[in-house]
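Visitor: I would like to learn how to read a few features of a structure. Please take them one at a time.

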Amino acid sequence: MRGVRAGRWRRAVSQTGRSVAVWGVSTVTMLVLAGLLPDFRLQSPDGDSATTIAVTAAVGAGVFGLLSALVWPLLVRLLLLVPALVLGLLVFFLNGSLFLLALRLNPSGQSEAAPETAVIVAAVMSAVASATGAALVVRDDDAYRRRLYRLADRRRRAGPACPATPGTVFLQFDGVGHDVLVAAVGKGLMPTIARWLGHGPAPDRRHPHPTHRLTPWRTDWSSQTGASQLGILHGSNYDVPAFRWYEKDSREVMVCNRPTSAAELQRRAVERTGDGGLLRADGASRGNLFGGGADEQALVLSIATRRRGPETRSRAGYFAYFSDPANAVRTALSFVAEVAREIGQSTRARLRKQRPRVARGGLYPFIRAFATVVERDVVVAAVMGDMLAGRTAVYADLVAYDEVAHHSGPLSHDAEQVLARLDRALALIENVAEHAPRPYRVVVLSDHGQSPGETFRARYGLTLGDLVRAGCGLPVPRRAERTHSGAEARAAVRAALRRPVEEGGEQHRPSRRSEPIVLASGNLGLISFPDVPHRMSKEEIDARHPALLSTLANHPGIGFLLVRSEEHGGVVLGPYGTQIPVDRLDEEPGPLAGLGPAAAEVVRRTHSFPHTADIMVNSFHDPADGEVLAFEEQIGSHGGLGGAQAEPFLLSPLALSAPVADGEDLTGAEHVHRVLRRWLRESRGPQVPLETAQEERAA
C-alpha cells in the first residue's frame, strides 16, 4: 500500500512539474513576443517594474491555457456546420480571440494587443506549449503510457465492454506498389515494416522474428482507388471501367472522387452484392472514398453530400481532432511547412531541369499539404481513437504518397520522404495497440501502385483528345496541327476520305453533341460518342470515322485498343493491323504481351461492363523500365495496365491464414475483399456472416 501511494505521489509531482514547465515556457514566450511586436504590450503606458510585467505575463499565460483547455472544445463543436477547409483558417482566428479574452480577464488590466497581433501571439504560444509538453512526455515513457491508459479507460467507461477477441485495423497506403515498398524497406526508410518482416533490429536489439508476410496482388484493368477500394470494402467493382467515364444512359460523366458519383457507386455495389460492406457492424471507415457499411465514418466521400445530422458523421473525426487547440496549431504550422517544402522541391527540380517534370504551381502546394499533413493527422488520430474504443474493424486510407508521387515521381526523393513519415505513423498506431482494451492485428495494404514515365503530351506535343479529334477530321489546336502525330492523323483522314493530302478547303464541323468525349484515367483513355445511345461497334466507328481506329492503333504512344465487334464480340486492336478477339487473348496475347499474367482476364472483364467506353485506349508500356505514358499531367500514374501500377501489396500478420495458397495468385479487388472477410471471421468478428461454400473456395 505504501508503494502504491508513493507511486501516485511521484506521478502527481511529475505531472505538476510538467504543467509548471509548460506554464513557465508560455510566460517567457509571451514576454519575448511583447518585446518584439509593437502592437502587443504587457505594461501600462507609464511603465511598470519588471516584476509586475512578469506577473502580468504569467497570469495571462495561465488564463490563456485554461481557456484553451475549457472553451476551445465547445467552440469547435459549435462549428460542425462550417465547411472543413474553412476551419483551417478559423483555427488562427479562434485562437487569437481566446487570447484577447485572456488579456481582458487579466486582473492587472494593463495588457493589450491588436487583433492581428493576438492571432500571431496565440499561434506561437500554442505551438511552443505543445512542443514543450510533447518533449517532456517523450522523455518520460511512463507518462506517455499513462496518458494512453487514461484514454483507454475513458473510452471503455463510455461504451460497452470490449470482447477479448482480436480487432483488426486495415491501413491503406494509397498508391504504394509492392516493388516500391520492398525498395523502401531495403533502404531503411521504413524500419517498422522492416521489423515486421524480420529485416530490421528489434527493440531489444536482437534479430527479430517476422510477424507479418508480404504478398503482392494484381489489380483490375482500372488500377485506381475508386475501383480497388469499392471492391475491397463492398465486394464488387463491377462496371467501374476507369477513374472517370461517360455514361450514355444518364448522359453524365462519373468521377470516382466526386461525392455524388461515389455515393452512386456505393449504392450500386450494395445492390449487386446484397451486403452492406466489410465494416457493416462495429466498424469504422476513415478517410476513404466509400463507407464499407461502417457505423462510424470520418472524411468519407460517399456520404459528403448527405444532409448533415447525427446520422451523418463524415467529419466527426476531423472536428474531434481539431477540438484540441494544440493539435490545431501544430497541424496548421506543419501545413505551412509542407507548402514551403513543396515550393522548394519544385523550384529545385525546375532549376535542375529534371525530366520528366510536370507543372506544380497554382493550388497544388496546398493540395499536397492537405493530403500529407491534415488528412494524415486526422485519420491517424481517428484510428487511434477507434482502437482505444475497442472497435472490431477499422479501415483507413492514407493518401499522402499517392499525391506526391503523381507530381514528383513514384521513385523520387520527395516520395521516399513521405514513405518514411507513413512508417512513423504506423509505429505510432502499433504503440497505441499495446494500450487498447483488446488485442489488435494490423494489416497494411495498398490499392494500386504507380508507374513512372513522362506524359503523352510531353513526348508527342498533343493530348489524346487532340489525336482523337485529328483522327476524326475535327479541328484541333494549332500547336497540335504542327506536331508529327497531328499531321499524320490528318493525312490518314484525308487518305481514308480519298482527298488529296494537299487539298485545302473548309473543314466539316459536326454538331458539338456528336463530337467525341475523351477522358483520361492515368494511362487509360476512354472515347465515347454521346449522340449514339449504345456502345458503338468497330464497324460503326469505321463507317463514321474511317481513319480513327487505325490512327490510334498505329500511334507509337498507344499500346492497344479495346472495341466491340459485331463479328467477334470484342477485339483488341494493335499496330500493323493487329486484331485479336478477346476470347483468344490467352493463346494469342498480341499487344497484351508483357502486361502481366492477368491482362487478358481483366480486359475481357472490362469488355463485359455496361458502361465501357466505345473505345478503350491503353498507352504504350516499356517492359524494360516499366514506364508508361500518362494521358494526364502526371509523371507517376495509374489507372491502366503496364508497369508497377497494377501490383500493389498486402502485408498481413502471420497469425492470420495465408491470403492464397502457395502457387496461387491474388487477383482483383473482389478477391482481396473475400480474403479480408475471411480474416475477420477468423477473429470471430460479429459483423462477418458465414459465406457460401462457393465464395469460400473462390477466396
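Visitor: Which residues does His 568 touch, not counting residues up to four places away in sequence?

Guide: His 568 touches Gln 579 and Pro 581 on that count.

Visitor: How far should the prediction be trusted?

Guide: Where pLDDT is low, the predicted coordinates should not be read in detail. Here the protein chain averages a pLDDT of 80, and 66% of the residues score at least 70. Residues 134-145 have a pLDDT below 50, and this stretch has 11 contacts in the model beyond near neighbours in sequence. Residues 685-699 are also below 50 in pLDDT, with 29 contacts in the model counted beyond near neighbours in sequence.

Visitor: Turning to helices, what span should helix H10 have, and how far apart are its end C-alpha atoms?

Guide: H10 covers residues 259-273, which is 15 residues, and at 1.5 Å a residue it should span 21 Å. Its end C-alpha atoms are 21 Å apart, in agreement with that. After H10 comes Gly 274, which has a positive phi, near 70°.

Visitor: Which residues of H10 are buried?

Guide: They are Ser 261, Ala 262, Leu 265, Gln 266 and Ala 269. Around the axis they cover an arc of only 135°, which means they lie on the same side of H10. Their packing partners are helix H9 (225-234), strand S5 (244-247) and strand S6 (252-255).

Visitor: How should I read salt bridges, and how many does a search of the whole structure find?

Guide: The search finds 31 salt bridges. One joins the side chains of Glu 264 and Arg 267, at 2.7 Å from N to O. Both residues lie in helix H10, 3 residues apart, about one turn of the helix. Glu 264 has a relative accessible area of 23% and is partly exposed; Arg 267, at 41% relative accessibility, also counts as partly exposed.

Visitor: What about the salt bridge between Glu 338 and Arg 368?

Guide: Its closest N and O atoms are 2.9 Å apart. Glu 338 belongs to helix H12 (residues 325-351) and Arg 368 to helix H13 (residues 364-389), so the pair ties together parts that are 30 residues apart in sequence. Glu 338 and Arg 368 are both buried. The two are also members of a network of salt bridges that links Glu 338, Arg 341, Glu 342, Arg 360, Arg 368, Asp 414 and Arg 421.

Visitor: Which residues is Arg 376 in contact with, leaving aside its neighbours within four places in sequence?

Guide: Arg 376 is in contact with Ala 371, Leu 398 and Arg 421. Arg 376 lies in helix H13 and counts as buried, at 15% relative accessibility.

Visitor: Where is there a salt bridge with both partners partly exposed?

Guide: Take Arg 584 and Glu 588, whose closest N and O atoms are 2.7 Å apart. Arg 584 is partly exposed at a relative accessible area of 44%, and Glu 588 is partly exposed at 36% relative accessibility.

Visitor: Last, how are aromatic pairs described?

Guide: A pair of aromatic rings is described by the distance of the centres and the angle of the planes. The whole structure holds 6 aromatic pairs. In the pair of Phe 456 and Tyr 460, the ring centres are 5.2 Å apart and the planes are at 50°, so the pair is tilted. Both residues lie in helix H16 (residues 456-460), 4 residues apart, about one turn of the helix.

Visitor: Are Phe 456 and Tyr 460 buried or exposed?

Guide: Phe 456 is buried, with a relative accessible area of 1%. Tyr 460 counts as buried at 17% relative accessibility, because the class takes in values under 20%. Together with Phe 631, Phe 456 and Tyr 460 form one aromatic cluster.

Methods: Residues are numbered from 1 along each chain as its sequence is written. Side-chain values use heavy atoms; hydrogens and water are left out. Helices (H or I, at least four residues) and strands (E, at least two) are DSSP runs, numbered from the N terminus. The expected span of a helix is 1.5 Å times one less than its number of residues. Buried means under 20% relative accessible area, exposed over 50%, partly exposed in between (1.4 Å probe, protein chains only). The arc is that of the directions from the helix axis to the C-beta atoms. Contact means heavy atoms within 4.5 Å. pLDDT is the predictor's confidence in each residue, from 0 to 100. A salt bridge is a side-chain nitrogen of Lys or Arg within 4 Å of a carboxyl oxygen of Asp or Glu. Rings of Phe, Tyr and Trp (its six-membered ring) pair if their centres lie within 6.5 Å; planes under 30 degrees apart count as stacked, over 60 as edge-to-face and the rest as tilted.
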